[in-house]
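Me: I have a structure open and would like to go through a few spots in it. Could you help me read them?

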Amino acid sequence: MAKCKPYIVRVAVPSPLRRLFDYLVPDTVFQENTDHCAEVGCRVAVTFGRREVIGLIIEKSTTSDFDIEKLKPINRLMDSTPLVPDQLFDLFGWAANYYQYPMGDALFSTLPVLLRKGESLPKLGTRHWRLTQKGKGLGKDSLKRAPSQQALVEQLKTTDAVADLVLSKDFSRAILTSLEQKELIECFQKNNTEISVSNILNQDALKLHDSQQSALDSIEQHSFKCYLLDGVTGSGKTEIYLQAIEKTLRYGRQALVLIPEISLTPQTEKRFRDRFNVPIVTLHSGLTDKNRLAAWTSAKTGEARIILGTRSAVFTPLCQPGLIIVDEEHDQSYKQHEGFRYSARDLAVIRARRENISIILGSATPSIESLNNCAADRYQHLVLTDRAGKAVQPTWSIVDLKIEQCEAGIAASTLANIRQTIEQGQQVLVFLNRRGFAPAIICHQCGWSGECHHCDSRLTVHRARGRLVCHHCDYQQRIPHLCPNCQGQELISVGEGTERSEAHLEKCFPNTKILRVDRDSTRKKGAMQAVFDVADSGEPCILIGTQMLAKGHHFANVTLVAVLDADSGLFSPDFRSHERMGQLLTQVAGRSGRGDLPGKVVIQTHQPQHPLLEILINKGYGFFAQQLMSERRITQLPPFRHMALIRAESDRANEAESFLRLARSIAERISPPSPLVTYLGPLPAMLEKRAGRFRFVLQINASKRSLLQSLLSALALTLEEHKDSRRVRWSIDVDPQEI
Ligand code: ADP
Ligand code: ZN
Ligand code: ZN
């Protein structure tokens, strides 16, 4: 590019100030880098205050609002080409606009940490490993004393060659070197632009059932189109993903697969690795910074052909994008709940449109938004109604808690059901979405109850740890022996958490393994895997846990699912709570009877006649969702209106509220209240006080996205400049998932 003077770049730097900073690009940069110059998307080292920081060029210009004489020059240009491809850069621009978040911060916060710290892109090269003749002839037990070496050799036996990048994630350098010294494996350079399309499978694809086949046949991969793959749990959606990806790979393109949480579903990753003989990388929060950067880079260079990742993986640069898949598209984890509050699912659709590729959203319990997009013909609805293998749909029954007595949350008839299942040598899953021993502690004499001083909430009893814990701010204290108020001795734990139900089950089934799965029990590394191992072994056992158990995992031997408390989702003020309840119950129920034996689901409730619960149980999630959709249409809630929340919190009680009153008056001046734009609030947040801060929300609903967008942009600008905005912590949440 020809250089024009003066050459100014607007740089995003890591700072709490939500704006860009202008720097000059001095001539020396051009002398050192003759064939390129400081482009948008390149990193620069700049002096910021007294420090040198790494920034990212967001814009180029020849003018500045500041005195050009006083602009500082950049210290160094750090990249010769932009870090992310143009289309992805544009996506950040779109997202920044839509979610009302500064583009530089958005981009910066999603880059691998090491790039933010100034590390250069690793040279992945084209190093591959393969077996030598000697290695190929090696017997199965020759390396018995070195099981890792044996495992590496076995892995190489299944394929021509494996990229160093991929192999070195599972095996240490020492293992590679020692096998190389024994002349069993060798390293060679493979040109990664020649992607072999003949040998991409490790194992044959399953023969699809008719309904699967017709869904797969409907999925075109030549231009943008969005498909909603709506199939009951176990209907074979993952198999369709695998076969769609196989096509993508044969077209010489990459596939990006988003999943809610990798640690809960190690089987998903394994199924991809078992099926494909191509480099696969996973991007999730458990990676070391170095591995994350390597995985990110290999996606960018095209070395990795399949990229599996959680929410932020939607921003992974791809060199030859071909297909995007969002599994469990309804899952809440796709929405970021602080800072850059994007929805990875929604951005994935926008990205697919910009890259002009297809996208599949899959779920057994699709969101109302996606179902509405199908109804409006924006997405194509592909439905699978039957389970794929031999498994059939489980049968549901209801336990009326108004009639039956419970102990530790478990009704007598439920307990009998559990006993029968265990005696038949099968497995049980007990679901209770509340961790700890009991959700409250009270004094029998004076009625004192343990409350958090920092939040509007009760302290949960964690008996095993001997502590009272606040689940909102993590405040903890020892469980008192005497009532702090009246010194009484009778402190009672009220209600049930997983710990209490677990203890009760242990008493009732002393000879059966009881495995608890919640955030407390799985803190230790490998704990989750240990549970999967027992479950997969097939021996009779009882799994008890929170929604961590509901997510994706395929428990082949569970034939009874017991939901201890179906009522918690029925009476929340959040307009999405019914949708969440239906999804959660259906997903938990879907863990039952996935193998050869039929499954049962028992639902305990005080509201057996609740109309929504009846529809869900008797007619299924599809009808249930239709019902919710018509309610949302009548009540004018998303997706029939577009919603944003202005959230504010402050240390002092009135500040957040009065700031939002100000926000409302400014907003009403920009867009007066009308049928097109409505305001609600400021209202106290669901938990008004949390971690010592008072929280309020202002709700804005608009009939059109564009209306909401222009209102929010103008409002944000005015608020940012207002002096009161520095007294509170405030943010804009577009398409909020929680109120
Ligand atoms: P989902 O992703 O919808 O839960 P999966 O793809 O995991 O469903 O399929 C559920 C089970 O059925 C798996 O064990 C899978 O191997 C098996 N399965 C899927 N499709 C077929 C098929 N066409 N033939 C035989 N078994 C299948
Ligand atoms: Zn007391
Ligand atoms: Zn608290």
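Me: Let's start with Arg130, which residue stands opposite it?
Reply: This is a predicted model, and in it Arg130 stands opposite Glu186, which belongs to strand E8.

Me: OK, and how many bridges are there between E6 and E8?
Reply: Strand E6, covering residues 127-131, pairs with E8 over five bridges, and the pairing is antiparallel.

Me: What's the strand order in that sheet?
Reply: The order is E7-E6-E8 in an open sheet of three strands, paired in the antiparallel sense. Strand E7 (162-163) and strand E8 (185-189) are at the edges with a single partner strand each, so each of them has one side without a neighbour in the sheet.

Me: Which helix lies across those strands?
Reply: Helix H6, made of residues 147-157, lies across E6, E7 and E8, and it runs at about 95° to E6.

Me: Switching topic, what are the protein donors of the zinc ion (ligand 2)?
Reply: The donors are the SG atoms of Cys443, Cys446, Cys483 and Cys486, which lie 2.3 to 2.4 Å from the zinc ion. Along the sequence these donor residues follow the spacing C-x2-C-x36-C-x2-C. Cys443 sits in strand E20 (residues 440-443), while Cys486 sits in the loop between strand E23 (476-478) and strand E24 (491-494), so this pair ties together parts that are 43 residues apart in sequence.

Me: And why is the arrangement of the four donor atoms tetrahedral?
Reply: The arrangement around the zinc ion is tetrahedral because the four donor atoms subtend angles of 106 to 112°.

Me: Last one, is Cys443 buried or exposed?
Reply: Cys443 counts as buried because its relative accessibility is 2%, whereas Cys486, at 33%, counts as partly exposed.

Key:
Residues are numbered from 1 along each chain as its sequence is written. Chains are lettered from A and ligands numbered from 1 in the order in which they are written. This is a predicted model: local features need pLDDT of at least 70, side-chain atom pairs count only at pLDDT 80 or more; totals for chains, interfaces and linings use all residues. Side-chain values use heavy atoms; hydrogens and water are left out. Donors are N, O and S atoms within 2.8 Å of the metal (3.2 Å for Na, K and Ca); water is not among the atoms, so sites may look incomplete. Four donors count as tetrahedral if all angles lie between 85 and 135 degrees; four count as square planar and six as octahedral if opposite donors are over 155 degrees apart and all others between 65 and 115; anything else is irregular. Helices (H or I, at least four residues) and strands (E, at least two) are DSSP runs, numbered from the N terminus. Buried means under 20% relative accessible area, exposed over 50%, partly exposed in between (1.4 Å probe, protein chains only). Two strands pair if DSSP finds at least two bridges between them. Contact means heavy atoms within 4.5 Å. Axes are lines fitted to C-alpha atoms, for helices over the stretch in contact, and angles run from 0 to 180 degrees between N-to-C directions.
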